[in-house]
Amino acid sequence: MKKVLRIVSFVLALSTVLCFATACKKENGDSEEPEDDVKITVTQEYIITRADGTANVGLAKELKQYIKDNTGLSLELREDWVRDPSQIPAKEILVGKCDREESKAAYEKLGDGDWTVLASGEKIVIAGNTVKALSDAVNYFVETYVKGKSVIEMSVSDSYSGNSATELIYFNWSEGELYDAGINGGYPRLYALKDGTMLLGYDGMYVSRSTDNGRTWKEKNYASKGYVGTANAAFFQDEEGIVYLGFRSTGYNDDGSFFSSIQVSYSKDNGVTWEHHSTVYENLEPTGVYKGVWEPHFGMMNGYLTCFYANDSTNITTYQNIEYKQWDPEAKEWINRTIVCNGEEHESRDGMPVWQQLSTGEYVCVVEAFNKSDNNCFAVKLTWSEDGKKWSTPVTVMSAKKSGTVCAAPFIVELPTGQLVISCQTNENTKTKEIYTMSTVISDGTPVRYISEINFSEHDYPYYGAYEFASTMWNGMYIYNGYIFTCSISSNLGIRICRYKFGDKLQQS
């Protein structure tokens, strides 16, 4: 297998607050009285001034909204450039590396991963030398001076700093362990149960089990009795130990009409036997129309078992939506249908959703979407939400490196450090466009609300080079018991599983 070395940044928690001004917090939380306790009070005359750059714009807008929500002040937001230095406002909150002497002085003192919040004259400086560090600085300012306050007030001697530095480790898929599961089946998905058993689901809704951390797989339990055209396995185990398996079922009626649905089976014995649980969504199309609902993915959102799926039903959209519904155990029905990505708004066939709740509490979802800059070839886009109800406009996080090729069928997991690993199937560097291989990228720890393709590593290939003329498609990932797993279907070798050992750095997801 081709050996490619990748350096991955693991974001550490903020360090102990450091101080470098006359009045600063000690480690025990006490503070010294400053020699000159002059206060800066933010009033309506203050301007929020931000440096150039997408992240700076986003953070400054967020700060403006926090201030308005907490204090009622609606401060003007400007960029830092001015033609005449005499026109620089006297009262500013500076966000990022602004073209101001106070900001420049603060940045000169910043080391790798450092951030600082300080008062200087009538200005407040919020600085950080990476997106993550600047985000931490804004968060500190909001938590300390904005949230829950009616007035923003700082002492001129206040100065606080922290560190969001990174620890570099080597990440190399070619050093992982590669196993052939001895199973033929499409769209494989992995899941670990509370008792340590790992499940492998694949098209036809068969479930195999492993009790040795994914090395070997046994049994072949059937989980979709009574349904045809089944594919797209999705697992979830609740706190009571019940295992749910979502899948799509499609086919044609005698009159030629096309039906599709998202179905759910459940198991009370860790995936050995299965019964039908419920129907998430059903759709019926007229003869000749192959549209409907596809690719479920499970998780918990706001206390509800939640099923994301793709919907291109003709009565819904001319493109394709990403939607979810939530299980109401009392009413025993799926409720709260919510659109995550509106295909018509994006003019994109957004499909194949994979989502999860991050350690920050936010929700993130990756989709296969049109890349308009490359003749609508598929790329991987990401959308995020604070509450699971209002979702951001999708941004590209993984696109093919060769024009006319694709990045499709995405997956996403979060490392315990907050980094995101995204995978897809791509033909960007295979022998022909008909051959695909699994590709992965890893983020640098940038918060999800500011993340874009530039925040990810180069593409790496867990299975590339093992065979030249066989596709490796329909990839999935899972983090469990000190390993990150990938799974994919080879066109000539069946389901392949690769796992990489991180030792103590990874815990069960």
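1. Basis. The model is predicted, so local features need pLDDT of at least 70 and side-chain atom pairs count only at pLDDT 80 or more, while totals for chains, interfaces and linings use all residues. Residues are numbered from 1 along each chain as its sequence is written, and side-chain values use heavy atoms, with hydrogens and water left out.

2. Overall make-up. The protein has four helices and 33 strands (DSSP runs numbered from the N terminus: H or I of at least four residues for helices, E of at least two for strands). Of its 509 residues, 57% count as buried (under 20% relative accessible area with a 1.4 Å probe, protein chains only; exposed is over 50%, partly exposed in between). Among contacts (heavy atoms within 4.5 Å) between residues at least 6 apart in sequence, 56% join residues at least 24 apart.

3. Six-stranded sheet. An open sheet has the order β4-β3-β5-β7-β6-β9, with mixed pairing (strands pair if DSSP finds at least two bridges between them). Its edge strands are β4 (76-79) and β9 (159-163), each pairing on one side only. Neighbouring strands are turned by 15° against each other on average, direction ignored (axes are lines fitted to C-alpha atoms, for helices over the stretch in contact, and angles run from 0 to 180 degrees between N-to-C directions). Within this sheet, β6 (residues 114-120) and β7 (residues 123-128) are antiparallel over six bridges, and S120 has K123 as its bridge partner in β7. Helix α1 (residues 54-71) lies across β3 (47-50), β4, β5 (92-95) and β7, at about 165° to β3.

4. Four-stranded sheet. β16-β17-β18-β19 is the order of an open, antiparallel sheet. Here β16 and β19 (275-285) are the edge strands, and the twist averages 15° from one strand to the next. β17 (residues 243-252) and β18 (residues 258-267) share 10 bridges; L245 is partnered by S265 in β18.

5. In β25 (residues 363-371), nine of nine residues are buried.

6. Nonpolar cores. The largest nonpolar core has 44 residues, of which L200, F298 and I497 touch the most other members (a core is a set of buried Ala, Val, Leu, Ile, Met, Phe, Trp, Tyr and Cys residues joined through side-chain atoms within 4.5 Å). Leaving aside residues up to four places away in sequence, L200 touches residues including I183, L190, W217, F235 and I497. A second, separate core of 40 residues includes A51, A60, L134 and Y450.

7. Largest pocket. Its volume is about 1200 Å³ (the space filled by probe spheres set on grid points joined across faces, edges and corners). A pocket is an open set of points on a 1 Å grid over the protein atoms alone where a 1.4 Å probe fits, with protein on both sides within 12 Å along at least five of seven lines; lining residues have an atom within 4 Å of a point. The lining counts 45 residues, with Y191, F236, F298, G299 and M300 nearest the centre. β16 gives the largest share, five residues.
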